[in-house]
Amino acid sequence: MANKKRNMSKTTLWVSCCSLVIWMLSGCSPHPGSGNWLASENNSDGFTQLQVHFDGKAELHYADDKQGELHCFWQAFNQDTLDMICTKAGDKDARLRFQLQVVDESHGELHREGELVGRLDRQSWQ
């Protein structure tokens, strides 16, 4: 009887450990918003590209070089949306907040303050 209890305890421990490992690994997959995005059309802000890196950083590039680029930190808002806080290189006090919503595997929408800023197409990393 004691041997049977010991085997059940080992089995329970084994299943618990395997479940924990699977749960931890599932949290390591990249967010679907990470990647290289290009503006699919002209937009009022004049941005051309959004690069979302796996490490929580992103850059928003503009067509006009004089505008420079925005440097952003992102976090997952939900399973298909990233929340980004961005600043310009020369102005660390001015913060802009964007959200990238992944519409499907190759299309996304960039929003600022609830308004659609532009539509994006996912590109392969080069």
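This is a predicted model: local features need pLDDT of at least 70, side-chain atom pairs count only at pLDDT 80 or more; totals for chains, interfaces and linings use all residues.
Reader: Where does Leu70 lie?

Author: Leu70 is part of strand β4, residues 69-78.

Reader: Is Leu70 buried or exposed?

Author: Buried means under 20% relative accessible area. Leu70 has 0% relative accessibility, so it counts as buried.

Reader: Which residues does Leu70 touch, leaving aside those up to four places away in sequence?

Author: The contacts include Ala58, Glu59, Leu60 and Tyr62. Cys86, Thr87, Lys88, Leu96 and Phe98 are also touched.

Reader: How do I compare sequence distance with distance in space for Leu70 and Leu60?

Author: Set the two values side by side. Leu70 and Leu60 are ten residues apart in sequence. Their C-alpha atoms are 5.0 Å apart.

Reader: In what sense do β3 and β4 pair, and over how many bridges?

Author: The pairing is antiparallel, over five bridges. His61 stands opposite Glu69 of β4.

Reader: What lies between β3 and β4 in their hairpin?

Author: Six residues lie between the two strands. Gly68, in the turn, has a positive phi of about 70°.

Reader: How is strand β2 joined to β3?

Author: Strand β2, residues 47-52, runs antiparallel to β3, with five bridges joining them. Phe47 has Tyr62 of β3 as its bridge partner. These strands also form a hairpin, with four residues between them. Gly56 sits in that turn, with a positive phi of about 90°.

Reader: Why is β3 described as largely enclosed by the rest of the structure?

Author: Count its buried residues. Strand β3 covers residues 57-62, and five of the six are buried, so the rest of the structure largely encloses it.

Note on methods:
Residues are numbered from 1 along each chain as its sequence is written. Side-chain values use heavy atoms; hydrogens and water are left out. Buried means under 20% relative accessible area, exposed over 50%, partly exposed in between (1.4 Å probe, protein chains only). Contact means heavy atoms within 4.5 Å. Two strands pair if DSSP finds at least two bridges between them.
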